[in-house]
Amino acid sequence: MSGTEGTENLSARTETSNIPPFASQPGDNTGSRPEAASAPLIVRWVAPDGSSRREFDFGTLAVAPPIQQGLAAAFARRTEPGAGPDTARSTREIYTVTRNFAEYLSTLPEPPTYLEQLTAEHIDGFQHHRAHERALGKTMGHLKAVLRHADGLHESTVSKLGEPNPKQTTPPQHHHPYSQAEFDRVAEAARNDLRTAAARIRRNRALLEQFRAAPTTPAVGRIDVLDYVDRHGYMPSPTPSSRPRHGRAATVEEKSKPPQYGTVSDCMTALHLTERETMSIAALLAATTGQEPQTITGLTADYRHEHRHIAPNQSFTLTDYRIPDWIKPPTDTKQLSAHQQLHTPFGIFALLVELTTRTREIRSSDRLLVGYRATTKYSPGRGLRVIQLPKVYPEWDDYHHLHADPPEHRTQPIPLKLSLRRLRLTYAEQHRKPAPRPAVQPTTRPIIPPAMQLPAPISTQFPDDNTAVLANRPIRQDLGTAVISRFGDDRWHLDAAIFEEDAPPTSLLFTAIPITLQRAAKHYIWQLINGDRPVSVHRVGRTRPSIRSVAVSWTHLKAFILWLDRHMITELAAVTPATLDAFARDLANSDIPRKRKCRQINEVRRLWAYRDQLPKAAQLPTRAPWANATTRELLGETATQPANRTTPIAKPTMQSLQRWSSRFIETFAPDILAAHAEFLFLSGRTVNPRRDDSLPTPSTDQVRYGLGDYLHRMRRTHGQLPGRTTTNGTTDIDYSHLGRILACAPQQLSRPRWAIQMLHQSGVPIADRAYLDTPITARLDNQPWHGPICYYDAKRLARHLSTACMITIAHMSGANPGEILNLRRDCLERDPSTGAWLMRGLYYKNAVDDMGDKLPTGVERPAPWTVAEPVAQAVAVLHNLHQHELLFPAVLQPPYRRKKRPQRQGSARTTFSAASDLQHLVDWINTYARARGLSGTPLDVQGLLALLRIRALEGRDAPSPSGHHD
């Protein structure tokens with residue numbers, strides 16, 4: 001193997017061979033695509049364990065040889081040990097992106113011939129060229145990672161490589177109904193599948209019955225195999241005579257010879273449905289009932305009677321089964337014609353029960369969509385399975401080869417793909433109920449009371465699919481990873497218009513409601529977000545709802561829409577006063593809380609109030625819902641409720657929390673802060689932070705020198721190597737933590753033989769955990785309060801310390817949870833006149849403007865809270881714990897990013913995470929107290945701990961509006 005300049009430092013795992021020289025000088029640009037060099041330019045990649053090898057040919061790239069050499073060297077550095085990718089798949093992906101980039105450069109009018117000639121415009125052009133890819137961000141990340149290892153790039157190009165990659169976007173999917181001809185083709189193909197399956201299974205069942213009725217008949221031939229399959233649910237193993245002899249592979253004649261009794265799939269499907277046939281049954285059920293795919297998937301064969309112990313030979317008729325309410329049985333269920341079996345929901349249900357009886361017995365399942373799944377490129381893993389219907393059905397499409405109706409401008413046939421959602425939408429179009437005409441009433445008796453008259457129709461411009469969801473709302477400046485949703489999206493993200501730092505992620509998922517009513521619901525919610533309320537109805541006032549209130553409204557609107565779908569109403573214009581009366585009756589008889597019932601009633605009234613701002617198909621009838629009837633008249637008497645329904649924390653529990661919080665702040669805090677600082681230092685030396693800071697990976701010689709110096713220091717100070725407990729209970733070296741100490745990748749210590757020998761021959765003992773060097777200085781009851789702090793415990797202890805500070809501030813200030821979680825670093829100041837501590841903050845609840853609309857950015861409290869010295873100590877501890885602007889960020893460690901729920905814009909903890917932190921602190925206190933023989937925190941039997949329950953404590957004086965205690 002020969003190397004060249006620029007590639008002599010490649011590791012043994014990634015090698016570059018036969019890099020040819022290139023005689024041309026920089027600047028020689030002929031304007032045509034250079035020919036690749038004749039000598040091969042191969043980068044060899046070897047797996048870390050030596051299990052696989054790959055060769056990547058850069059000599060065939062359609063660029064000039066100097067760029068071939070530069071890309072080969074950069075690729076070799078990118079894929080060397082410790083650089084990141086360590087699998088053949090990831091390495092192949094990087095090579096594919098590099099090759100695509102080279103092909104793009106070759107298509108330019110003046111392609112570059114040297115890496116020095118690469119510009120930021122080339123990278124932007126490649127990104128625009130690959131804009132059709134869904135994983136464009138991943139593609140650009142691979143390309144930039146390779147180019148970062150290239151030599152000689154211009155400064156502007158290097159700066160371009162540091163820009164963030166584009167986010168992955170999924171275009172909205174809009175489903176349209178089939179045409180009548182397409183619908184008929186799909187249904188007929190499914191019926192043909194079901195006819196074939198029924199004839200095949202019935203014929204083989206009859207043969208089995210004849211075979212078993214004559215036991216003296218010798219068991220010879222395929223019927224014996226079918227008998228075995230029916231009894232056991234799988235194929236018998238081949239006999240020894242049918243297998244190739246030991247030490248000899250099967251001959252060509254043996255391989256080409258057809259099986260004597262058919263293939264495994266032939267024998268299994270002789271008695272059971274195939275996966276494709278179950279898809280056909282699901283398609284027929286969707287075409288004849290219009291049910292959701294989830295409902296069809298969960299179809300079961302429940303018995304009317306509680307047959308917990310069923311005899312093996314016991315049989316049941318259709319009258320013994322509990323038939324779903326969306327399947328209407330005929331008058332005579334015993335005599336079903338062939339047409340009824342394939343064209344009516346009950347006939348399909350009856351045929352499915354018949355054909356899957358034995359399959360369900362073998363699987364011990366009551367699910368009706370069961371059958372044999374063969375090993376194909378679409379569904380690996382054969383056997384009798386409960387079939388889960390996917391969103392697409394490529395096997396069904398490939399088998400039937402149906403064609404859609406071609407558009408006028410296209411003569412080529414278009415494949416017709418099976419979609420249960422489109423079948424359901426077509427069914428809804430076929431069974432659409434026309435909107436009723438408003439009844440003519442006498443002019444002497446108005447339909448709507450004067451107090452509830454609608455205003456004059458408003459000229460409304462309806463949004464299209466590209467209209468922004470938050471078109472008329474203030475948007476946060478620090479959008480970060482927020483997605484500005486569009487009207488056509490299936491999910492609307494609303495976090496960009498929520499300014500409360502403690503707000504949880506808020507989004508609306510429209511696929512949770514039937515597709516026939518999604519468009520109408522989107523129009524209504526869009527008007528709630530961006531329009532003004534046109535009229536006041538009962539308790540539904542004229543103030544503009546906040547974004548979080550819109551999310552609550554969506555929950556109650558969804559309940560109403562799902563009720564309409566259960567009653568086969570596919571558009572709001574088809575709702576009648578009788579429909580609303582039936583909804584109110586069902587709501588009054590339901591078991592949901594009364595508060596939720598009232599909100600659903602009010603939401604229907606608000607939907608009617610917006611009727612003139614909605615399309616015709618989304619308008620409720622002209623008459624106001626339930627006329628002058630009040631909610632009490634619709635739902636019955638209102639149950640009396642206490643003014644404050646929040647139960648305070650039990651006094652013994654709160655006293656214990658106060659005592660332990662004071663211990664954390666006054667005694668434990670110095671050691672926890674020091675351990676957390678060491679944790680932050682070491683976590684910044686791991687692979688990912690170093691890669692983010694563009695720090696080079698240390699060489700083998702640097703790792704060898706650093707490890708030797710570390711082992712010498714451990715022997716001199718009688719230290720221990722960081723350890724961990726393996727799954728089998730033994731203690732081993734924690735290479736991840738050792739890599740943090742030496743600022744290298746763990747693989748650079750755990751894989752080389754020389755490193756393993758140095759560690760095990762050093763004589764340094766291995767600790768049971770990865771302990772930090774922070775000494776324990778604080779004492780509790782004349783002894784250290786804690787042993788050496790483990791690296792993995794430092795982060796948890798820092799969280800407990802932050803929670804203790806939160807308890808102290810909440811208990812001694814009287815602020816509500818939202819105000820506490822939105823506190824800033826500069827919230828505390830001294831009163832110059834009295835010397836008391838004053839705490840300032842924002843409030844969002846009841847922060848409204850002159851029109852009564854919510855101010856989303858919040859308002860500063862006109863009078864601060866007056867707090868005691870422990871609150872000032874807690875704030876000082878939080879200042880030393882982290883550098884975030886908020887006192888209680890969601891993540892205490894920089895860069896203060898959440899791995900989960902990245903769409904959320906608020907940086908503070910939510911009330912739910914704060915409650916979880918309270919419970920975790922109590923668990924730690926009780927575990928620690930039991931080990932030390934101390935008194936822990938007693939259980940509060942009145943409910944889970946929460947910040948709101950600290951504020952609702954009984955017997956404690958709440959601060960006055962001026963901020964001082966009365």
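## Accessible surface and burial

In this predicted model, the chain exposes about 50,800 Å². Carbon and sulfur atoms supply 51% of that area. Of the 966 residues in the chain, 46% are buried.

## Overall composition

The secondary structure comprises 32 helices and 16 strands. When contacts between residues at least 6 apart in sequence are considered, 67% of them join residues at least 24 apart.

## A three-stranded sheet

Three strands form an open sheet in the order E12-E13-E16, with antiparallel pairing. Strand E12 (828-830) and strand E16 (865-867) are its edge strands, each pairing on one side only. On average, and with direction ignored, neighbouring strands of this sheet are turned by 40 degrees against each other.

The antiparallel pairing of strand E13 (residues 837-839) with E16 extends over three bridges. Met839 stands opposite Trp865 in E16.

## Nonpolar cores

Met839 also belongs to the largest nonpolar core, which has 60 residues; Trp785, Ile809 and Met839 touch the most other members. Elements that each supply at least two residues of this core include E13, E16, helix H28 (791-813) and helix H30 (869-881). The greatest contribution comes from H22, with twelve residues.

Beyond its neighbours within four places in sequence, Ile809 is in contact with Gly814, Leu823, Met839, Val871, Ala874, Val875, Leu878 and Phe888. Another core, of 53 residues, lies apart from the largest one; Phe487, Ile513, Ile601 and Trp608 are among its members.

Technical notes
Residues numbered from 1 in each chain as written. Predicted model: local features only at pLDDT ≥ 70, side-chain atom pairs only at ≥ 80, totals over all residues. Heavy atoms only, no water. Helix = DSSP H or I, 4+ residues; strand = E, 2+ residues; numbered from the N terminus. Buried < 20%, exposed > 50% of the residue type's maximum accessible area, 1.4 Å probe, protein only. Contact = heavy atoms within 4.5 Å. Areas by Shrake-Rupley, 256 points an atom, 1.4 Å probe, with all protein chains shown as cover. Pairing = 2+ DSSP bridges. Axes fitted to C-alpha atoms, helices over the stretch in contact; angles between N-to-C directions. Core = buried A, V, L, I, M, F, W, Y, C linked by side-chain atoms within 4.5 Å.
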